[in-house]
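Have the chain letters to hand.

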Amino acid sequence: MPARLMQGDEACAEGALAGGCRFFAGYPITPATEIAEILARRLPQVGGKFIQMEDEIASMAAVIGASIGGAKAMTATSGPGFSLMQENIGYAAMAEIPCVIVDVQRLGPSTGRPTSPSQGDVMQARWGTHGDHPIIALSPSSVRETLDLTVQAFNFSERYRTPVILLMDEVVGHMRERVELPRAETIKRVERPVTTVPPEWYKPYEDSVSDVPPLVPFGEGYRYHVTGLHHDERGCPTDHLEKIQAWSDRVFRKIDSSLSDIILYEEDGIADANVLVIAYGATARSAWHAVKLARERGGKIGFLKLKTIWPFAEEVVEHAAARLHHVVVPEMNRGQLVLEVERVVARNKVHRVNRTDGEMVHPGDILAAIEERIL
Amino acid sequence: MRAQRTESRVHGRYLRHSKEFPNIWCAGCGIGIVLAAIIRAVDGLQLDKNEVAMLSGIGCTGRMPVYVDFNTMHTTHGRALAFATGLKMVRPEMKVLVVMGDGDALAIGGNHFIHAARRNIGLTAIVVNNATYGMTGGQSSPTTPTGVRTATAPYGHIEQPFPVAELAVTAGAAFVARSTVFHVRELEQYLSQAISKEGFAVVEVMSYCHTTLGRLNRWGTPAEMMRRLRDDSLTLKRAESLSEAEKQGKIVRGVFVDRDLPEYTQLYERVIERAQAERV
Ligand SMILES: Cc1ncc(C[n+]2csc(CCOP(=O)(O)OP(=O)(O)O)c2C)c(N)n1
Ligand code: SF4
C-alpha cells in the first residue's frame, strides 16, 4: 500500500479490516462516528457485515453474538456509549468471547464536550464492568499506530479469548497524518485456535491443555452452552466453589503469564536519564515534544510511551524508574494511569501534569514540570 | 399413554443428559411446557440440531437453553435479541430461537424487541408471559394487569400492560401468534409456523407464576391457574364477533399476522452484492 493522508478513525477502520474484522455493530457518536461510516461502506465490499443497532448496549451484544458465530467483531464508541456497553463487556470477559471495543475518548463526564479530547476513560476501561476480570487495553498516539494497534487488538482478542479495548482519543481519532501503509502480506493475523477433539469430547472451557481453550463457533457441529453465570468446563452453570475459583485464577493467569507478548511500549534515552516522562495516547505527542525541548537545553530525559495500558506495564515502569528520582506523568485527565505509576514507583518521585478542560496537555507544561526537577 | 411415551422419547433426544437435571423451575411451572413444545416443533420440522441456536436473557425463562442440546447461549438481561441479531447476521442459515420472559423481552429489552421486529430479522422470539418477574420474586412487569398485587405494587398495580402480540404486529414482525401453556397442541403448531417463517416471528405464550404472583393474589394452584388460561381465553375468530366489553380481561389466542416481508439478513446479502459491484 502507498503512503496516504489518513485520519485516525479511518486508520482504525482500515486496521480492523486488515486484522480480519468481518462484523461491526455500532451507534453513532462523536468522535467515533467515522469508524462506523467507513465500515458501513467497506465491510460489505469484503463480504463482511455492518449493522447500526438501536443503542450501544445492543451494539455490544450483537458483537458478542457475531463473535460466537465465528466472525471477528468490533464496535466503536465514545464515553457515553462506552458506559452503556459495560455490562456486556463483562459478559464477553466472563464467557471469554473475543471482541474489540474502540473507545475514542472525549471529555466527560456525561455528555461533557463531544468534540474535545480526553483520557478520562482509562480506569473505566479497566474496571468499568462489575466484578474481577482481566482486560487488555491499548492506546495509540498516532494515525499509523492506530492502524497497527487495531490489528493487534484483534490478534490479542483471538489469542487470549478476551475483549480488547482500543482506547483512542479525539485528537488521535480526528487527526490526519501522512502514513506509510503496511503491505497486506506483512500484516500478521492471529486466527482463532481450532480444536482437535471431536464434538462429543469438546468442552469450551476445558483448561487441561491451555489456559486459553479453543472456542469453536456456533453452527459447526459442536453444540455447547455459553452463559454469564459462573460455569464449569462445559459452559454449564456451576455452584462448585472450586470451579468458580479455578475460572477466576485461569482467566487472570492467561493474561498474566503472557505479559511479555501483551505489554507494548517504546522507550528512548532511559539508560542515562535523570528524569523519566511516561505518557500514552495523544499526550505522548506533547510529552515527546517536551522531552526533545528539554534535551536541547541539556537535560537527560528518558521517555517511555505505553501502548498497552492494561494490563499495566508494572515491570517496565519499575525497571525504567528504578534509578531515577523524578518521573513525570502527563495525562488528559485528573490523574488516572498515574495511580498505577505511583503504585510501582515511590509516590514522592512521581509528578503529575493534568488537564481536564478539553485541551491537550501542552508541551510547555510538561517541559516546565521536567525543568522544575532538574534545576 | 403410548403417545405420551413417544413424546418423552422425542424430548429425550433433545435434552442435555448430564448434570443439568433436575431443572431449576418450581414444580408446576409453565416454562417446562413451553420448552417441551419448542422441542416437538423443532422435531416436527426435522431441523438439524447443529443448525439450531437457542438464546435467552435472564430470568426463569432465561434458564431454558442450558437444558437443550442446541447451540445455546444465556446472555444478559433483556439483550438476547441483540446478541441473536449478531449471530444471525454472520450465520444466516441458522435457525435462531430466542426465549425471553415478559420483563426480559419488554421492560429492559423492550427497545431491542421493537427494533428486531422493525428490521424483520429472521429470529424466532418466544415470550413466556407470566405477567411478572418470576425469578426476582413477583415484582411488576410490563405485562402485569392493572389492579394486580405484585411485590413492588403492594397496593395494586396502577399501570396498564403491554399487549405483546399486538405490539409486535405494529412494530413490523412478519409472524405473530399468541397461545397459552394450556393449549399445547395449538402452541406447538404456532411455534412450528414461527420457526419456519423467514422473518421476525413472535410467539407470545401466556403462562403463570404460581409461587410469586399467584400466591400474592391468591390465585391458587398451578392446576387452577391452568384452568383460568382455558376458561379466560378465546380464539381470534371468536373474539371478532364479540364487543370490546365482552373481550375485556380475556386472552385472545391465534395468529395475529403472517405476512411476507423482506428478511433483514437476506436484504443484507443484496447490500454485499451492491457494494462489490460498485467496487469493480
Ligand atoms: C441488568 C439486570 N437487572 C436486573 C436483573 C435482575 N433480574 C433477574 S431476572 C429478572 C426479571 C425476570 O423476569 P422475566 O423477564 O419476566 O422472566 P421470568 O423470571 O418471569 O421468567 C430481573 C429483574 C439482572 N439480572 N440484570
Ligand atoms: S418462580 Fe415462577 S416463573 Fe419462576 S420457575 Fe417458579 S413458578 Fe416458574
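Begin with one pair of residues in chain B. B:Val176 sits opposite B:Val257, a residue of S10(B). The two strands to look at here are S7 (residues 175–180) and S10 (residues 251–258), both of chain B. They pair antiparallel, over four bridges. Bear in mind that this is a predicted model.

Now widen the view. S7(B) and S10(B) belong to an open sheet of nine strands with mixed pairing. Its order is S10(A)-S2(B)-S1(B)-S3(B)-S4(B)-S8(B)-S7(B)-S10(B)-S9(B). Which strands stand at the edges? They are S10 (225–227) of chain A and S9 (233–235) of chain B. Each has a single partner strand, so one side of each lacks a neighbour in the sheet. Neighbouring strands are turned by 20 degrees against each other on average, direction ignored.

Next, the helices on this sheet. Helix H3 (residues 80–90) of chain B lies across S1 (52–56), S2 (71–74), S3 (95–101) and S4 (123–129) of chain B. It runs at about 175 degrees to S3(B). Helix H9 (residues 222–231) of chain B touches S7, S8 (201–206), S9 and S10 of chain B. Its direction makes about 35 degrees with that of S9(B).

Move to chain A. Here an open sheet of five strands runs S11-S13-S12-S15-S16, again with mixed pairing. S11 (265–268) and S16 (350–354) are the edge strands, and each pairs on one side only. The twist from one strand to the next averages 20 degrees. Within this sheet, S12 (residues 275–279) and S13 (residues 301–306) of chain A pair in parallel over five bridges. A:Ala279 stands opposite A:Lys305 of S13(A).

Finish with helix H12 (residues 337–344) of chain A, which lies across S12, S13, S15 (326–331) and S16 of that chain. H12 runs at about 175 degrees to S16(A).

Key:
Residues are numbered from 1 along each chain as its sequence is written. Chains are lettered from A and ligands numbered from 1 in the order in which they are written. This is a predicted model: local features need pLDDT of at least 70, side-chain atom pairs count only at pLDDT 80 or more; totals for chains, interfaces and linings use all residues. Side-chain values use heavy atoms; hydrogens and water are left out. Two strands pair if DSSP finds at least two bridges between them. Axes are lines fitted to C-alpha atoms, for helices over the stretch in contact, and angles run from 0 to 180 degrees between N-to-C directions. Contact means heavy atoms within 4.5 Å.
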